[in-house]
Amino acid sequence: MSHITTVQNWLAQNNYDIAYVSDWKNVEYFSGFSSNPIERVLALFIFPDKDPFIFAPALEVGSVKKAGWKYPVYGYLDHEDPFALIKGHIEDLGKNPKKWAIEKSNLTVARYEAIKTQFNEAEFIGDLSPLIEREKLIKTPDEIKKLHVAGDWADKAFESGFAALSTKRTEQQVVAEIEYAMMKAGIMHMSFDTIVQSGANAADPHGAPLKDLIKPNELCLFDLGVVSEGYMSDASRTVAFGKIDDRSKEIYDVCLEAQLAAQDAAKPGITAAELDKVARDVIDKAGYGQYFIHRLGHGIGQSDHEFPSIMEGNDLVLEPGMCFSIEPGIYIPGFSGVRIEDCVHITDTGCDPFTHTSKELRVIELD
């Protein structure tokens with residue numbers, strides 16, 4: 001059954017007249033066409049009893065067709081009212097939909113009001129977001145293969161980053177070396193802004209690389225991923241740049257123990273909350289629980305962060321084909337931070353990681 005057929009059946013079962021897919025990443029999921037429209041409108045409309053259509057900026061219409069989309073695609077020029085045109089295309093199908101399903105987690109108020117103006121009798125009562133999340137949750141063998149390829153590229157990116165560490169370079173310059181190496185190899189997009197943080201800067205889990213020169217004898221945290229065939233990788237490693245002190249070594253060892261324990265425990269039947277607790281218990285027992293300040297993991301696929309969240313309170317039972325990160329961290333303000341992360345997919349008996357760079361503490365010799 002195709003993903004679109006799943007939505008069509010769901011619409012019919014719930015007596016909805018139309019589904020409006022507004023998230024461009026989900027348009028890609030259903031169609032194979034990938035493009036961030038920025039401020040322009042890119043949308044997919046699915047009906048229970050008619051062929052779907054894509055509505056796109058005129059400059060993207062040719063690319064939609066080249067991506068293999070076999071249904072109609074309609075374009076609009078920048079000076080035109082996209083929602084008035086959408087109404088016309090829907091009416092051409094003999095439709096005047098009253099009951100709409102939308103992505104409540106994505107559709108902006110402005111665009112909701114714009115479509116409501118065109119269909120003033122419409123009720124926007126259905127929520128597509130949970131259905132799409134569930135549809136994307138179990139990856140196909142082909143998707144898992146693509147995620148493994150993306151993971152292999154992340155491993156190569158780590159090696160480029162480790163080789164670039166130098167007291168003569170800033171964190172930002174090491175990022176540039178990583179991304180330049182990937183581009184030379186044909187990988188034109190990273191999954192997210194590459195993170196390189198050393199010393200106290202590594203204590204900020206989502207901090208930015210600095211313009212400061214990298215200091216010797218400190219931990220250095222790398223968080224990176226690439227886009228390959230539309231699928232993403234995401235992994236973190238922390239290395240020692242020179243000789244580190246005992247406290248730094250201790251928090252590294254604790255974080256590694258937590259990551260390995262959770263990765264070993266990840267298998268069908270355990271819940272997301274139980275898996276989070278496996279890692280958290282290790283860090284709590286070592287006395288660093290207050291410094292583990294985020295969930296254990298998040299889903300991975302065509303987006304670098306997607307459903308599910310591996311965290312306390314989530315009783316989702318893990319099943320084969322689910323793909324997510326396992327990334328405990330310890331962040332001590334003013335001192336340093338460690339994060340160790342692999343994304344994995346659940347197998348019949350356990351889990352298999354997409355990245356394979358060693359997690360034993362690596363010491364990078366000073367230049």
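**Close-up views of a predicted model**

**View 1. Helix 1 and helix 6 make a right-handed crossing.** In this predicted model, local features need pLDDT of at least 70 and side-chain atom pairs count only at pLDDT 80 or more, whereas totals for chains, interfaces and linings use all residues. Residues are numbered from 1 along each chain as its sequence is written, and side-chain values use heavy atoms, with hydrogens and water left out. Helices (H or I, at least four residues) and strands (E, at least two) are DSSP runs, numbered from the N terminus; a crossing is called right-handed if the near helix is turned clockwise from the far one by less than a right angle, and left-handed if anticlockwise. Helix 1 (residues 3-13) packs against helix 6 at an angle of about 145 degrees, and the two axes lie 11 Å apart; axes are lines fitted to C-alpha atoms, for helices over the stretch in contact, and angles run from 0 to 180 degrees between N-to-C directions. His-3, Thr-6, Val-7 and Trp-10 of helix 1 meet Leu-128, Leu-131 and Glu-135 of helix 6, where contact means heavy atoms within 4.5 Å. These residues divide into 4 nonpolar, 2 polar and 1 charged, with Ala, Val, Leu, Ile, Met, Phe, Trp, Tyr, Cys and Pro counted as nonpolar, Asp, Glu, Lys and Arg as charged, and the others, Gly among them, as polar.

**View 2. The largest nonpolar core has 36 residues.** Such a core is a set of buried Ala, Val, Leu, Ile, Met, Phe, Trp, Tyr and Cys residues joined through side-chain atoms within 4.5 Å, and buried means under 20% relative accessible area, exposed over 50%, and partly exposed in between (1.4 Å probe, protein chains only). Among the residues with the most contacts inside this core are Ile-251, Tyr-288, Phe-324 and Ile-330. Helix 9 (246-265), helix 10 (272-285), strand 14 (323-326), strand 15 (329-332) and strand 17 (342-346) each supply at least two of its residues, and helix 9 gives the most, with 8 residues. Leaving aside residues up to four places away in sequence, Tyr-288 touches Glu-250, Ile-251, Val-254, Ile-283, Ile-330 and Ile-332. A second, separate core of 24 residues includes Ile-4, Trp-10, Leu-128 and Leu-131.

**View 3. Strand 14 is covered on both faces.** Cys-323 and Ser-325 on one side, and Phe-324 and Ile-326 on the other, are all buried. Strand 14 runs antiparallel to strand 17 and is joined to it by 4 bridges, with His-345 in strand 17 as the bridge partner of Cys-323.

**View 4. Ile-138 sits in the loop between helix 6 (128-137) and helix 7 (141-164).** Ile-138 counts as partly exposed because its relative accessibility is 31%. Although Ile-138 and Met-322 are 184 residues apart in sequence, their C-alpha atoms are 4.9 Å apart in space. Beyond residues up to four places away in sequence, Ile-138 touches Glu-143, Glu-319, Pro-320, Gly-321 and Met-322.

**View 5. An open sheet of 4 strands has the order 7-8-11-19, with mixed pairing.** Two strands pair if DSSP finds at least two bridges between them. Strand 7 (195-198) and strand 19 (363-364) are the edge strands, each pairing on one side only. Strand 7 pairs with strand 8 (residues 218-224) in the antiparallel sense over 4 bridges, and Cys-220 in strand 8 is the bridge partner of Ser-198. Helix 8 (residues 171-184) lies across strand 7 and strand 8, running at about 145 degrees to strand 7.
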